[in-house]
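My entries follow the structure.

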Amino acid sequence: MKTSLDNQQLMEDCLLGQATGTQQALLQAKLLLDPELRDEVYWQRRTYAVIREYGRMQFRNELDLLHQALFTAPEHRSFRDKVLGFFRK
Amino acid sequence: MTKTMEVLYLRIFPAVARYVAKRGGTLEEAKDVFHDALLVYHEKTLDRPPILQLDEGAYIFGVARHLWIKRYVENQRYASLDKLIAGLDGDSGMDWADDPQSGEPAPATQRILRVLQTAGQRCMQLLTSFYYEKLDMQELARRFGFSGTRSATVQKFKCLEKVRQVVKEKSLHYEDFVG
């Protein structure tokens, strides 16, 4: 089902906690009348969770690159020696 | 990656590494908990910039230490990051992204992420910029070259719809496969 832009905005405002009481009541009413919309709400929440995981994955990848750079670049040799020293003892 | 992260890395990682090494941990374990602590800090600053007034070094070190104890002393290596940090500072975190299917096996989500990395990169960049980095619509329009906030909003919802279809199809396919 292709959800209308209005319904998407309403779902989003409600799911992100940005909806007014009236908007929340409106969504509740629509959900009672439309089982497919209930399904859409469920998948929209799953999608937000996936988007966050994607954002986290990107951030972790960037940190891995930074780690690699700090442990190989000549200008950070004292940092690297200091850290590796803790694990040699 | 911002310059700030590099500064924080150089300043705080040695303390985390020393803490982990003293307790018999490895460099890889120190890196693992430190990266997640930076991620937690990063998300906090995206949500509420005033946290910057806190001592960021103490905060990041504290989260890393907490994660190391949970993962490597209490042996909760496979617990999700959200579970491990729940209630850490009296904040449940990003409620908007609470997964309604949090008991789902991780491989399904990993599989979806791999598909989206190859098939929907531009949409995912747009969606993470808005939902994860919390850019407002004006910044979003500027970054992605839209003529205005209206067209950025329309495109954002088109992407959301497209990604939602992928999430649904791949989740259902996975459930069929493992069920």
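I began with handedness: H1 of chain B crosses H2 of chain B in a right-handed sense. The model is predicted.

I then looked up the geometry. H1(B) covers residues 3–22 and H2(B) covers residues 27–47; their axes come within 9 Å and cross at roughly 135°. That angle is why I logged H1(B) as oblique to H2(B).

Next I listed the residues that meet. H1(B) brings B:Met5, B:Leu8, B:Phe13, B:Val16, B:Ala17 and B:Val20. H2(B) answers with B:Leu27, B:Glu29, B:Ala30, B:Val33, B:Phe34 and B:Leu38. By class I noted eleven nonpolar residues, one charged and no polar.

I turned to H3(B), residues 56–73. H1(B) packs on H3(B) at about 35°, with the axes 10 Å apart. This crossing is right-handed. On the H1(B) side I found, among others, B:Arg11, B:Ile12 and B:Tyr19. On the H3(B) side I found residues including B:Ile60, B:Phe61, B:Arg65 and B:Trp68. The contact of H1(B) with H3(B) divides into ten nonpolar, one polar and three charged residues.

Last, the chain contact. How many residues does each chain give? I read 42 from chain B and 36 from chain A. In chain B, H1, H2, H5 (106–119), H6 (121–132) and H8 (149–178) each supply at least two residues of the side that touches chain A. H1(B) gives the most, with nine residues. I classed that side of chain B as 26 nonpolar, seven polar and nine charged.

Methods
Residues are numbered from 1 along each chain as its sequence is written. Chains are lettered from A and ligands numbered from 1 in the order in which they are written. This is a predicted model: local features need pLDDT of at least 70, side-chain atom pairs count only at pLDDT 80 or more; totals for chains, interfaces and linings use all residues. Axes are lines fitted to C-alpha atoms, for helices over the stretch in contact, and angles run from 0 to 180 degrees between N-to-C directions. Helices (H or I, at least four residues) and strands (E, at least two) are DSSP runs, numbered from the N terminus. Angles under 35 degrees count as roughly parallel, over 145 as roughly antiparallel, 65 to 115 as roughly perpendicular and the rest as oblique. A crossing is left-handed if the near helix is turned anticlockwise from the far one by less than a right angle, and right-handed if clockwise. Two residues are in contact if their C-beta atoms, placed from the backbone, lie within 7 Å. Ala, Val, Leu, Ile, Met, Phe, Trp, Tyr, Cys and Pro count as nonpolar, Asp, Glu, Lys and Arg as charged, and the others, Gly among them, as polar.
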